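Subject: Handover of a structure

Dear colleague,

Please find below the structure that I am handing over to you.

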Amino acid sequence: MDFLTLFAVYVTVVLTCIVLVCKYSGQQQTPFSILFNFVGKVFAPITPRWLQKFSQRTLHRLFHQRNNMFIYLHILIEAAVLAEFTYEVFGFCRDMDTSLISLSVPYILLVIKSLCFYLCIRRDPGTVTKKKIAGQLHIYPYDRRLFQPGVSCETCNLVKPARSKHCRVCNRCVQRFDHHCVWVNNCIGAQNTRYFLLYLFSVCAAAGDVAVLTGDMLLHAVLRSGLLRASYIDEEGQQQSAGPLFVVQHLFLTFPRIVFMLGFLVFVFFLLAGYALFHSYLALVNQTSNEWYKSRGYVCQHCHPTATADHLCSPTPDHSKRNYYSRGILRNLGEIFFPPRPVHKKDN
Ligand SMILES: *[C@@H]1O[C@H](CO)[C@@H](O)[C@H](O)[C@H]1NC(C)=O
Ligand SMILES: [Zn+2]
Ligand SMILES: [Zn+2]
């Protein structure tokens, strides 16, 4: 396969991943679980029963129960990239006179990222509890569109506040529920959406910065080697100049780990940038991914033939509008970064 084909395949895969992540975020049935189920069904007749049971239990534990597996995986990948950057790229960049300041930016970004990551993991996303529910019920009015008043959660035995949802993984209701994130082993809700957004942006920035530094280093390596001016004699005895394919091949053979890391970082960057943009968009229009997903399939009973007489609809229903609840960008962002706290009865 030539280089351009490879690159086209790569871009297609990345774009598909971005679309899939945007499309299915906030949904219980992710494409991964569908894929796993499908693979499981296909191989079911030829796998022994104990293995089926074991893999089902493992998958269940991984995706449907709280566990720290993805946090460890995250730290492991991060440590690998950091070690690779420090031991191979850093020294080379120092040799080619990259300033210490620009070389320390990845480490600073890493510290910021780790802080946001930690806060995402540790912060309570806004669990609905018996003690706080009186205040939590008053934070948002019911829109009678996606959230109806007087509905109780069967598991928690508590009235569901508007914009809340029961997280099946954590087994609790969470206020302004966005989604359950396996990477931080926590729900993303009212109190930690801000850290989640900052986390996404700092990961993108860190991945992008390391990728740029690494790309710069590889470019210098190519220029230094004089490969661009090199030529070779082909089978017919003709002189051929070394094309881009040749250069890529040379880089792969000389710096296999660095090239692999760069590919991985570019992939992560585009994937997470798409995801971060999607979440910023949601933040700007005052929506959670839960609501975003729900309102896609929403059919107003007003227009629906089976609408009942007591059905309440907003005076001017505009169902097609995505930014249905938006009160202006600044106020929407204010709500994310300074989430309204439940009012305590005792304080009044
Ligand atoms: C966001 O939307 C909710 C309804 O879902 C609304 O009650 C709230 O006032 C909105 N907040 C802002 C800042 O627009
Ligand atoms: Zn619940
Ligand atoms: Zn959860």
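Predicted model: local features only at pLDDT ≥ 70, side-chain atom pairs only at ≥ 80, totals over all residues.

A charge is said to sit over a ring if NZ of Lys or CZ of Arg is within 6 Å of the ring centre and within 35 degrees of the ring normal. By that rule, the charged end of R163 sits over the ring of Y140, at 4.7 Å from its centre. K113 likewise lies over the face of F117, 5.2 Å from the ring centre.

Residues are numbered from 1 along each chain as its sequence is written, chains are lettered from A and ligands numbered from 1 in the order in which they are written, and side-chain values use heavy atoms, with hydrogens and water left out.

Because C167 lies in strand β3 (residues 165-167) and C187 in strand β6 (residues 186-188), the pair ties together parts that are 20 residues apart in sequence. Helices (H or I, at least four residues) and strands (E, at least two) are DSSP runs, numbered from the N terminus.

C167 is buried at a relative accessible area of 2%, and C187 is buried at 0%. Buried means under 20% relative accessible area, exposed over 50%, and partly exposed in between (1.4 Å probe, protein chains only). N185 is placed in the loop between β5 (179-181) and β6 and is also buried, at 10% relative accessibility. Not counting residues up to four places away in sequence, N185 touches R66, N67, N68, I71 and H180, where contact means heavy atoms within 4.5 Å.

Aromatic pairs

Rings of Phe, Tyr and Trp (its six-membered ring) pair if their centres lie within 6.5 Å; planes under 30 degrees apart count as stacked, over 60 as edge-to-face and the rest as tilted. The count comes to 10 aromatic pairs. One of them, F85 with Y107, is tilted, at 6.0 Å centre to centre and 55 degrees between the planes. This pair links helix α4 (residues 69-95), which holds F85, to helix α5 (residues 100-122), which holds Y107, 22 residues apart.

Nonpolar cores

A nonpolar core is a set of buried Ala, Val, Leu, Ile, Met, Phe, Trp, Tyr and Cys residues joined through side-chain atoms within 4.5 Å. The largest has 41 residues, of which F196, M217, L218 and F255 touch the most other members. Helix α7 (193-225) is among the elements that each supply at least two residues, and α7 gives the most, with 14 residues. A second, separate core of six residues includes C167, V169, V174 and C187.
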